[in-house]
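I opened this entry to record what I looked up in the structure. The notes follow the order in which I took up each topic.

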Amino acid sequence: MTTDDAPGEDFAQLLARLKDEYGVNDSHIASAIGVSVSTVNTWVHRKRQPRPDALHKLAARYPKFTADEIFAAAGRKTLGPLSPSAEERLLELFRGLTAEQQEIKELELRALNEHNRSTLS
């Protein structure tokens with residue numbers, strides 16, 4: 001099912017559909033993605049939003065719901081995939097930098113990653 005089928009759906013609503021579709025409860029979801037039942041309960045009751053890693057685990061464990069659909073319902077941007085070829089291209093570019101440039105790029109990437117953790121999680 002796509003988000004077009006449920007416009008404006010929030011994460012709690014998506015979880016309700018997921019539970020219905022798969023015949024699972026909060027405990028099953030928690031166990032499947034490695035979080036506590038109380039964590040899932042905070043999502044169900046709209047007290048907190050899940051972190052990106054939990055969203056990815058939901059998409060992997062419950063494939064009838066895409067990562068894009070899950071992230072959208074949680075009000076999050078989907079993190080970009082990194083294919084092996086893209087990883088190799090980036091590594092090759094990185095290897096072409098001086099040690100000082102590599103250090104600067106690493107700091108920039110850490111800052112972007114931290115920004116994503118704070119704003120997307």
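I began with secondary structure: this predicted model holds 7 helices and 0 strands. Reading along the sequence, I noted the pattern α-α-α-α-α-α-α.

I then turned to overall dimensions. For the protein I found a radius of gyration of 18 Å, whereas a compact globule of 121 residues would have one near 14 Å. Along the principal axes, the C-alpha atoms fill a box of roughly 55 × 25 × 25 Å.

Next I looked up burial and surface. I recorded 27% of the 121 residues as buried. The protein exposes about 8100 Å², and carbon and sulfur atoms supply 53% of that area.

Among contacts between residues at least 6 apart in sequence, 56% join residues at least 24 apart.

For charge, I counted 16 positive and 18 negative side chains. The centres of the two sets lie 6 Å apart.

Which residues have the most contacts inside the largest nonpolar core? I noted Phe11, Leu18, Ile29, Trp43, Leu58 and Ile70, in a core of 20 residues. At least two residues of this core come from each of α1 (11–22), α2 (26–33), α3 (37–44), α4 (52–61) and α5 (67–73).

Leaving aside neighbours within four places in sequence, I found Phe11 in contact with Trp43, Gln49, Pro50, Leu55, Leu58, Ile70, Ala73 and Ala74. Among these partners, Trp43, Leu58 and Ile70 are also listed with the most contacts inside the core.

I then examined Asp26, which has its place in helix α2. Is Asp26 buried or exposed? Asp26 counts as buried because its relative accessible area is 15%, and the cut-off for burial is under 20%. Not counting residues up to four places away in sequence, Asp26 touches Lys19, Val37, Val40, Asn41 and Val44.

Ala60 counts as exposed because its relative accessibility is 65%, and the cut-off for exposure is over 50%. How far apart in space are Ala60 and Val35? I recorded 15 Å from C-alpha to C-alpha, for a pair 25 residues apart in sequence.

Key:
Residues are numbered from 1 along each chain as its sequence is written. This is a predicted model: local features need pLDDT of at least 70, side-chain atom pairs count only at pLDDT 80 or more; totals for chains, interfaces and linings use all residues. Side-chain values use heavy atoms; hydrogens and water are left out. A nonpolar core is a set of buried Ala, Val, Leu, Ile, Met, Phe, Trp, Tyr and Cys residues joined through side-chain atoms within 4.5 Å. Buried means under 20% relative accessible area, exposed over 50%, partly exposed in between (1.4 Å probe, protein chains only). Helices (H or I, at least four residues) and strands (E, at least two) are DSSP runs, numbered from the N terminus. Contact means heavy atoms within 4.5 Å. The radius of gyration is taken over C-alpha atoms; the globule rule is 2.2 Å times the number of residues to the power 0.38. Accessible areas come from the Shrake-Rupley method with a 1.4 Å probe; for residues, only the protein chains shown count as cover. Lys and Arg count as positive and Asp and Glu as negative; His and the chain ends are not counted. The place of a charge is taken as NZ of Lys, CZ of Arg, CG of Asp or CD of Glu.
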